[in-house]
Amino acid sequence: MTTTQAAVSEHDLARALTLVERSVVQRLGEALKAEGATLEEWRVLSFLGDGAGHPMTEVAEVALLTAPTLTKVVDRMVSLNLVLRRVDDADRRRVLVFASERGREALTRWTAAVESEQDHIVTALGAEETALLRTLLHRASRRLG
């Protein structure tokens, strides 16, 4: 490794975070793909799994998706009967998204796949390092966000 490469890899925090994020997302994505799902779909269903309906803006925020991307994801999930859209009775201008019965069943399977892969990630990193990393990332998110 050249001095320039060492300087970039050692001092570029964004790059280091991106490399770890990509690796974790890829691993979770592969586990979900085996279940016929995507990480985005799992994030949406995980939020909707509380049984309450949520406006698209809330779902987008929690699922870390832009509004147009969420619309595409939810359209696909509606076509698969995983989620339902309903007009909000309290505000007829808003549309709420709910997990369907089929969606709740899928969420159980998908969450098991994610948890299994997360267990593999924790094993690879070590439990103490994973706990420390989580703590540091949460702290950084609060301070920077």
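Ala-63 is buried, at a relative accessible area of 0%; here buried means under 20% relative accessible area, exposed over 50%, and partly exposed in between, with a 1.4 Å probe and protein chains only. The model is a predicted one, in which local features need pLDDT of at least 70 and side-chain atom pairs count only at pLDDT 80 or more, while totals for chains, interfaces and linings use all residues. Residues are numbered from 1 along each chain as its sequence is written, and side-chain values use heavy atoms, with hydrogens and water left out.

Ala-63 belongs to helix α4; helices (H or I, at least four residues) and strands (E, at least two) are DSSP runs, numbered from the N terminus. Not counting residues up to four places away in sequence, Ala-63 touches Arg-43 and Val-44, where contact means heavy atoms within 4.5 Å. Between Ala-63 and Thr-111 there are 15 Å in space, C-alpha to C-alpha, and the two are 48 residues apart in sequence.

Leu-64 is placed in the loop between α4 and α5. Leu-64 is exposed, with 63% relative accessible area. Its phi is positive, about 60°, although Leu-64 is not a glycine. Most residues other than glycine have a negative phi. A second case is Asn-81, a residue other than glycine whose phi is also positive and near 60°.

Helix α5 itself covers residues 67-79. Its 13 residues, at 1.5 Å a residue, should span 18 Å, and this agrees with its end C-alpha atoms, which are 18 Å apart; the expected span is 1.5 Å times one less than the number of residues. Within α5, the residues Leu-70, Val-73, Val-74 and Met-77 are buried. They lie on the same side of α5, because they cover an arc of only 95° around the axis, the arc being that of the directions from the helix axis to the C-beta atoms. The buried residues of α5 pack against α3, α4 (56-63), β2 (83-87) and β3 (95-99). On the face turned away from this buried side, α5 carries the exposed residues Pro-68, Lys-72 and Ser-79.

Glu-117 lies in helix α6. This residue is buried, with a relative accessible area of 15%. Its contacts, leaving aside neighbours within four places in sequence, are Arg-27, Leu-28 and Ala-31.

Rolling a probe the size of a water molecule over the atoms shows where empty space is left. On a 1 Å grid over the protein atoms alone, a pocket is an open set of points where a 1.4 Å probe fits, with protein on both sides within 12 Å along at least five of seven lines; lining residues have an atom within 4 Å of a point. The largest pocket holds about 1,300 Å³ of space, a volume being the space filled by probe spheres set on the points, which are joined across faces, edges and corners. Two or more lining residues come from each of α2 (13-33), α3 (39-48), α6 (101-125) and α7 (127-144). Helix α2 gives the largest share of the lining, 10 residues. In total 28 residues line the largest pocket, and Glu-21, Val-24, Leu-133, Arg-134 and Leu-137 lie nearest its centre. The lining divides into 19 nonpolar, five polar and four charged residues, where Ala, Val, Leu, Ile, Met, Phe, Trp, Tyr, Cys and Pro count as nonpolar, Asp, Glu, Lys and Arg as charged, and the others, Gly among them, as polar.
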